[in-house]
Amino acid sequence: MNSVPRGTNELSSPWVQAGRLAFLALYAVTALAAVTWVFSNVRQIAPQDRAVVLHFGTLDRIQNAGLLMAWPRPVEQVVLLPAADRVLDRRVETLMRSDAALQADRVASFATPVSDALAGSGYLLTGDAGVVQLDVRVFYKITEPYAFVLQGEHVLPALDRLVTRSALALTAARDLDTILVARPELIGNDSQAAERRERLRGDLVQSVNHRLAELASTGQGLGIEVVRADVQSSLPGPAVSAFNAVLTASQQADKAVANARTEAEKLTQTARQQADRVLQVAHAQASERLAKASADTATVLSLAKAQAGDPQMLLRLYRERVPAILRQAGSVTTVDPEDDSRLIIQGAEQ
């Protein structure tokens, strides 16, 4: 019977083989992790991005689109940023009315008034003591990648504060009607009103960039530049209701004035028609009366003309026509025209 050496049995035991496999697996995993760590900063940069490579926290280089070769952390750190021509946008929430203020507006009443802090949240005071709300969205580009990386998470809050500060200064230097159309009846045909409202956006961009330049000059730059700003202005809810009421009253007044002018024009036309009708009737009646008077006086006129050539005509007519008239009377009293001493008139007071 053949015998097997004792050392050979120990090397070929299951526990020894299992330990050997575990060691090989651990070695493979360690090697794979090492390779992954070595090539962890080897990546492809997309066209819309760029990479900032920091060598022990110090700016080493800026890599645009393409293959990036960099040492792994902590030797070199790679921070991906948008490309230089890529524009980012940011809505400034600090200028909006807070959620607590909106909730207070919904439950506010005369019994539970809103505090001053909540009542003024999200509203800006204008130069003519008006109140306006601005919804601002700024568009910016990263011009200094290293400064942007150094500021990190503080860039956007700082940008919000700069925009808020500039908006406060600009609204305080303007009246309400140069920010939005609140009282169109006061503006009238002012052709420069729209230009002044449009200028607000440009002034806001210029003011924010000026403050960014001041920070950069002191070594605290944010590494960004604002290229455009969209501003939507609105009035507070109660002010909107008040302006709507005034506008409705003005429209109703204009409508009432227009109706009154229409009625006055109708009355004027009716009066003119009646006056023309009365004038026409008067002319017609005057013509009729003139014709009747001419007819009634025709005999007298003819006698007057005839008398000029025959002085005895009136006496002959008297003698011819008086007897016929006297025959129609019941009684006739004759009086001497030259003696009125015994004249008695019936019905006269004695």
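# Cores, sheet and helix pair

Guide: In this predicted model, 67% of the contacts in the protein with a separation of 6 or more are between residues 24 or more positions apart. The protein has 11 helices and 9 strands.

Visitor: What share of the 350 residues is buried?

Guide: Buried residues make up 23% of them. The accessible surface of the protein is about 25,000 Å², with 58% of that belonging to carbon and sulfur atoms.

Visitor: Why is tyrosine 140 called buried?

Guide: Buried means under 20% relative accessible area. Tyrosine 140 has 5%, so it counts as buried. This residue lies in strand S8. Leaving aside neighbours within four places in sequence, tyrosine 140 is in contact with residues including Arg86, Leu88, Leu156, Leu159 and Val226.

Visitor: How far apart are tyrosine 140 and isoleucine 224 in sequence and in space?

Guide: They are 84 residues apart in sequence and 6.5 Å apart in space, C-alpha to C-alpha. Ile224 is also among the contacts of tyrosine 140.

Visitor: How do you know whether threonine 164 is buried or exposed?

Guide: The relative accessibility of threonine 164 is 17%, and the cut-off for buried is under 20%, so the residue counts as buried. Threonine 164 lies in helix H6. Apart from neighbours within four places in sequence, threonine 164 contacts Val92, Thr94 and Leu95.

Visitor: Which residues touch the most other members of the largest nonpolar core?

Guide: They are Leu134, Val136, Leu159, Val163, Leu204, Ile224 and Val226, out of 37 residues in that core. Elements giving two or more residues to this core include S2, S5, strand S8 (131-142), helix H6 (155-172), helix H8 (193-217) and strand S9 (224-234). H6 gives the largest share, 7 residues. Another core, of 6 residues, lies apart from it, with Ile45, Ala51, Val53 and Leu68 among its members.

Visitor: What does leucine 204 touch, not counting residues up to four places away in sequence?

Guide: Leucine 204 touches Val136, Val163, Ser166, Ala167, Leu170, Ala229 and Val231.

Visitor: What makes S3 and S5 edge strands?

Guide: The open sheet has 3 strands in the order S3-S2-S5, with antiparallel pairing. Strand S3 (58-63) and strand S5 (76-82) each have a single partner strand, so one side of each is left without a neighbour in the sheet. From one strand to the next, the twist averages 25°.

Visitor: How do you know that S2 and S3 pair?

Guide: A pair needs at least two bridges; strand S2 (residues 49-55) is joined to S3 by 5 bridges, so the two count as paired. They run antiparallel. Alanine 51 stands opposite glutamine 63 in S3.

How values were computed. Residues are numbered from 1 along each chain as its sequence is written. This is a predicted model: local features need pLDDT of at least 70, side-chain atom pairs count only at pLDDT 80 or more; totals for chains, interfaces and linings use all residues. Side-chain values use heavy atoms; hydrogens and water are left out. Helices (H or I, at least four residues) and strands (E, at least two) are DSSP runs, numbered from the N terminus. Buried means under 20% relative accessible area, exposed over 50%, partly exposed in between (1.4 Å probe, protein chains only). Contact means heavy atoms within 4.5 Å. Accessible areas come from the Shrake-Rupley method with a 1.4 Å probe; for residues, only the protein chains shown count as cover. Axes are lines fitted to C-alpha atoms, for helices over the stretch in contact, and angles run from 0 to 180 degrees between N-to-C directions. A nonpolar core is a set of buried Ala, Val, Leu, Ile, Met, Phe, Trp, Tyr and Cys residues joined through side-chain atoms within 4.5 Å.
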